[in-house]
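Here is a short briefing on a few helices and selected residues. The sequence and model come first, then the notes.

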Amino acid sequence: MERHFERELEELKEQLLLMGGRSESIVLKAVEALRRRDETLAHEVFADDKVIDRMELDIDERCVRLLALQQPMARDLRFITAALKINNDLERVGDHAVNIAGSAVRLAVQPLLKPLVDIPRMADLAGGMLREALDAFVHRDAETARRLCAGDDVVDQLNRQVFRELVSFMVEDPGTITRAMELILVSRNLERVADLATNVAEEVVFIAEARVIKHHAEDAEQGEDFGRS
């Protein structure tokens, strides 16, 4: 019975990793569609997101079944409850990719505003954060997870930089407002992907150390004793 439970946990982990890989992939695909002005590629993102939505439902069902039938304790309980949150975060990553793909479709039929430099860089950084957070999840690596939480500032700075540049376009030429606003939305969606990667990293610390570090809770020594083993 115990070995069966361990196998179920391993399968849950594998499902989350597969979903994470798909989520990262469609973000990069959406930005590539934007860069190439490729409506067909953008529409692939919409289809890919439906697969991620189905995966979210399957993982939710598996987590609820494990909680109900196995009544896990301590670290296993932390793992399953964190998996539920990570599952939701990964589904939201897919939603942000859909938003970016929508902007790609709308911009594909308009004149190019400017070469894309910072937005693809933001996509690479946010995707890398998500990948590293999931790797930390596999290895229960709280140290790497903490470093990721601190590293979100780079993406935030790029988001502010993109915003300032695009506002200057709009001020100088009101005819650019529609295109500039679309790119601002893309940048904002990528910043949110990085935030969601940070959420995953925070859950890794919770799994590994039974510490809650969201909203600086760790500094206040809150939540440290939840299911400690």
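L125 sits in helix α4. The model is predicted.

**L125: contacts and distances**
- Setting aside neighbours within four places in sequence, L125 is in contact with V154, V155 and L158.
- R179 lies 54 residues from L125 along the chain. The C-alpha atoms of L125 and R179 are separated by 23 Å.

**Q161 in helix α6**
- Q161 belongs to helix α6, which spans residues 153-172.
- The relative accessibility of Q161 is 37%, so Q161 counts as partly exposed.
- Between the C-alpha atoms of Q161 and S187 there are 9.8 Å. Along the chain, Q161 and S187 are 26 residues apart.

- Helix α5 covers residues 142-150. Its buried residues are A142, T144, A145 and L148.
- Viewed down the axis of α5, these buried residues fall within an arc of 160 degrees, so they line one face of the helix.
- Helices α4 (118-139) and α7 (177-209) are among the elements that cover the buried residues of α5.
- The exposed residues E143 and A150 are carried on the face of α5 turned away from its buried side.

**Start of helix α5**
- D141 makes a side-chain to backbone approach at the start of α5. A side-chain oxygen of D141 comes to within 3.3 Å of the backbone nitrogen of E143.

Terms used: Residues numbered from 1 in each chain as written. Predicted model: local features only at pLDDT ≥ 70, side-chain atom pairs only at ≥ 80, totals over all residues. Heavy atoms only, no water. Buried < 20%, exposed > 50% of the residue type's maximum accessible area, 1.4 Å probe, protein only. Helix = DSSP H or I, 4+ residues; strand = E, 2+ residues; numbered from the N terminus. Arc of directions from axis to C-beta. Contact = heavy atoms within 4.5 Å. Polar contact = N/O pair within 3.5 Å; in protein donor to acceptor, adjacent residues only side chain to side chain.
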